[in-house]
Amino acid sequence: MAETHERPPEQFTLRLRRYDPESGESPYWDEHTIELEPHRSVLEAILQARDRFDGSIGIRCSCRQAICGSCGIRVNGEPALACHTHLDAAKRSAREGVIEVEPMGNMPVLKDLIVDMDAVHWKKIQRVTPWLLAKQPVPEREYLVEREAMVDVTQTMACIQCGACVSDCLAMEVDPGFVGPAALAKAYRFVGDPRDDQQFERLNDLAQDPQGIFDCTHCFKCVDACPKDVNPMGQIMRLRRIAGSDQHIVDRNNGHRHEAAITTLIKDYGLLHEAEMIPRSYGGNSWFGKFHPAAGRELLSSLPVILKAVLRGKVSPKLALLGHKIGKQDLQAVQKIYETVESREQRYELNLYISGEDES
Ligand code: SF4
Ligand code: SF4
Ligand code: FES
């Protein structure tokens with residue numbers, strides 16, 4: 001007789017965050033005991049709870065195969081696709097063995113685990129003109145493009161619009177107006193497409209928008225959250241590089257020059273030099289840059305924050321003014337990295353589908 005590897009059903013405790021805004025009642029937690037094989041998904045557990053115990057549990061789902069993107073929730077506090085999370089894995093990361101499921105963050109809850117994707121996620125996707133603005137004249141037959149150019153945008157095309165990155169974005173938590181990781185990854189999908197005619201206009205629009213590409217705080221949360229390895233933060237950094245270094249867009253947020261200031265400071269000192277940050281961000285690397293009027297204004301407006309940081313012991317005035325010091329050999333090692341990268345004829349833009357080995 002053929003041997004079966006099917007594991008027997010086990011009991012799991014599921015803790016569900018319940019909320020119905022129309023009821024006028026506050027959110028509360030509901031607990032159910034589920035019986036399923038451990039390799040089954042959290043989605044199946046939620047559906048079992050709905051079928052057996054409470055038909056009013058709200059959950060959105062469709063494909064059950066991590067393709068449609070509709071079952072985004074939080075499992076034990078982390079964003080996840082419910083259909084793509086095994087019960088045994090969820091139990092391992094659970095506190096006291098209880099699997100906790102909640103709706104995604106940064107979006108209003110419609111009912112229990114269902115959030116309003118239209119109000120946030122889809123509105124932001126629409127913000128970036130998510131379709132091709134084709135180069136004219138449109139050829140009689142198809143456009144011919146280099147294979148590599150399309151491979152370059154494949155990573156962003158893998159997005160299933162689940163909203164997990166939006167749910168976890170720290171910048172959106174503080175500034176709900178931020179265009180956000182999913183929409184900016186979508187923007188790169190067209191900026192990187194050689195058939196699109198509006199690369200400069202798209203980039204300029206997102207660079208000048210105070211809640212655009214320079215509003216991202218580089219926190220990596222969207223990279224971890226994405227179930228399809230789209231790497232939204234990586235796509236945002238690419239948009240910034242193309243905008244600032246290739247298209248020479250001077251954004252009104254001063255974001256590109258601020259990034260350049262950080263890069264040159266690390267090259268010169270090996271670590272950040274806080275006192276030099278504002279002057280370089282406005283006046284560039286020259287000594288006269290220190291007297292740029294905008295730098296003076298920024299310094300004045302930042303004084304309360306600086307003072308607070310000093311009083312709380314987060315910044316030492318001596319270190320801030322004189323800068324951090326690292327050993328000569330360490331500094332040389334840092335500068336060697338810069339030399340290697342800067343001596344390349346072409347910028348490397350690796351992604352999930354374009355990988356390579358560094359030659360040095
Ligand atoms: S890296 Fe940027 S876009 Fe991604 S979650 Fe953090 S702040 Fe949001
Ligand atoms: S980028 Fe990833 S996490 Fe964000 S919506 Fe697309 S698939 Fe989901
Ligand atoms: S149900 Fe389609 S992604 Fe989970």
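Predicted model: local features only at pLDDT ≥ 70, side-chain atom pairs only at ≥ 80, totals over all residues.

**Entry 1: V153.** I started with V153, which touches R189, G192 and D193, leaving out residues up to four places away in sequence. Contact here means that two C-beta atoms, placed from the backbone, lie within 7 Å. V153 sits in helix α4, residues 147-157. Helices are DSSP runs of H or I with at least four residues, strands are runs of E with at least two, and both are numbered from the N terminus. I also checked V153 against D193: they are 40 residues apart along the chain, yet their C-alpha atoms are separated by 6.9 Å.

Why does V153 count as buried? Because V153 has 20 C-beta neighbours inside 10 Å. For burial, 20 or more other C-beta atoms within 10 Å of a residue's own make it buried, 12 or fewer make it exposed, and anything in between is partly exposed, with C-beta atoms placed from the backbone.

**Entry 2: ground rules.** Residues are numbered from 1 along each chain as its sequence is written, and chains are lettered from A and ligands numbered from 1 in the order in which they are written.

**Entry 3: the whole chain.** I counted up the secondary structure and got 15 helices and seven strands. The C-alpha atoms fill a box of roughly 75 × 65 × 50 Å along the principal axes. Of the 360 residues in the protein chain, 34% are buried. Among contacts between residues at least 6 apart in sequence, 64% join residues at least 24 apart.

**Entry 4: the sheet.** I traced an open sheet of five strands in the order β2-β1-β5-β3-β4, with mixed pairing. Strands pair if DSSP finds at least two bridges between them. β2 (28-36) and β4 are at the edges with a single partner strand each, so one side of each has no neighbour in the sheet. Ignoring direction, neighbouring strands are turned by 35° against each other on average. Helix α1 (residues 42-52) packs on this sheet and touches β1 (10-18), β2, β3 and β5; the direction of α1 makes about 105° with that of β2. Angles run from 0 to 180 degrees between N-to-C directions, and axes are lines fitted to C-alpha atoms, for helices over the stretch in contact.

Then I zoomed in on β3 (residues 72-75). β3 runs antiparallel to β4 (residues 78-81), joined by four bridges. The two form a hairpin with two residues between them, and N76 in the turn has a positive phi of about 50°. β3 also runs antiparallel to β5 (residues 98-102), with two bridges. V75 has a bridge partner in each neighbour: E78 in β4 and V101 in β5.

**Entry 5: ligand 1.** Which residues are closest to ligand 1? I found C169, A171, C216, C219 and C222, in a shell of 14 residues. To be near, a residue needs its C-beta atom, placed from the backbone, within 6 Å of the molecule. α6 (170-174), α9 (221-225) and α10 (232-246) each give two or more residues, and α10 gives the most, with three. By class the shell has 11 nonpolar, two polar and one charged. My classes: Ala, Val, Leu, Ile, Met, Phe, Trp, Tyr, Cys and Pro are nonpolar, Asp, Glu, Lys and Arg charged, and the others, Gly among them, polar.

**Entry 6: ligand 2.** Here 15 residues surround the ligand, and C159, C162, C165, C226 and V230 are the closest. α5 (164-168) and α7 (181-191) each supply at least two residues, with the largest share, three residues, coming from α7. The shell comes out as 12 nonpolar, two polar and one charged.

**Entry 7: α12.** Last stop was α12, which is mostly covered, with seven of its 10 residues buried. Those buried residues pack against α11 (255-269) and α13. α12 (residues 274-283) and α13 (residues 293-311) pack at about 145°, their axes 8 Å apart. In the contact, I278, P279, Y282 and G283 of α12 meet A294, A295, E298, L299 and S302 of α13. That contact divides into six nonpolar, two polar and one charged. Just after α12, G284 takes a positive phi of about 75°.
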